[in-house]
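Here's a quick briefing to read alongside a protein model. Take a look at the chain first, then work through the notes below.

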Amino acid sequence: RRALALYLERFAHFFRADFFVRKAFETLNSEAKPEHMGFRNAAETLYSRYRSDVLQGLGSESLLEHVYDEYFTELDVARVGRFFCWLGVVIEQEQVPAEREGDSDDSDLYSPPRHREED
């Protein structure tokens, strides 16, 4: 583990929840690459189920309206994180650290799923 410490420190930023969730959503939603084509449609279909099951029909009509501000310029990472958590793309931390004074971001709430070793 010590031999890997340099790499862990160097690349840990990419797996911080705020960075990972934002990049994953924005990259897939842009559909810039052929392998990303269809993400928006699939995400909308999944969101309609999320909206009825989790939000009990109270959320915005579309996923983009739900996760962006009214001008579609600011992404609400916490909302995307909860949606991804429902999908199983990220997991919610079991113990959320106490909110630090002046620090109200949701960067520590979610993380990419970890592969668990089977017994």
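How close do the axes of H2 and H5 come, and at what angle do they cross? The axes of H2 and H5 come within 9 Å and cross at roughly 80°. Before going further, a word on the ground rules. This is a predicted model, where local features need pLDDT of at least 70 and side-chain atom pairs count only at pLDDT 80 or more, while totals for chains, interfaces and linings use all residues. Residues are numbered from 1 along each chain as its sequence is written, and side-chain values use heavy atoms, leaving out hydrogens and water.

**The overall layout**

- The chain has five helices and two strands; helices (H or I, at least four residues) and strands (E, at least two) are DSSP runs, numbered from the N terminus.
- Going along the sequence, you get the pattern α-α-α-α-α-β-β.
- Out of the 119 residues in the chain, 26% are buried. Buried means under 20% relative accessible area, exposed means over 50%, and partly exposed is in between (1.4 Å probe, protein chains only).
- Take the contacts between residues at least 6 apart in sequence: 39% of them join residues at least 24 apart. A contact means heavy atoms within 4.5 Å.

- Two packed helices are described by the angle between their axes and the distance between the axes.
- Axes here are lines fitted to C-alpha atoms, for helices over the stretch in contact, with angles from 0 to 180 degrees between N-to-C directions.
- H2 and H5 are therefore roughly perpendicular to each other. The cut-offs are 65 to 115 degrees for roughly perpendicular, under 35 for roughly parallel and over 145 for roughly antiparallel, with the rest oblique.
- On the H2 side, Asp-18, Val-21, Arg-22, Ala-24 and Phe-25 meet Val-77, Val-80, Gly-81 and Phe-84 of H5.
- Sorted by class, this contact of H2 with H5 has six nonpolar, one polar and two charged residues. Ala, Val, Leu, Ile, Met, Phe, Trp, Tyr, Cys and Pro count as nonpolar, Asp, Glu, Lys and Arg as charged, and the others, Gly among them, as polar.

**The nonpolar core**

- The largest nonpolar core has 16 residues, and Phe-25, Leu-63, Val-67, Val-80 and Phe-84 have the most contacts inside it. Such a core is a set of buried Ala, Val, Leu, Ile, Met, Phe, Trp, Tyr and Cys residues joined through side-chain atoms within 4.5 Å.
- Helices H2 (17–30), H3 (39–53), H4 (63–67) and H5 (77–87) each give two or more residues to this core.
- Setting aside neighbours within four places in sequence, Phe-84 is in contact with Val-21, Ala-24, Phe-25, Val-89 and Val-90.

**Two loop residues**

- Ser-62 sits in the loop between H3 and H4, and Ser-62 is buried at 18% relative accessible area.
- A polar atom of the Ser-62 side chain lies 3.2 Å from the backbone nitrogen of Glu-65. A polar contact is a pair of N or O atoms within 3.5 Å; within protein, one must be able to donate a hydrogen and the other to accept it, and residues adjacent in sequence count only if both atoms are side-chain atoms.
- Glu-31 is in the loop between H2 and H3 and counts as buried, at 15% relative accessibility.
- The Glu-31 side chain reaches the backbone nitrogen of Gly-38 at 3.0 Å.
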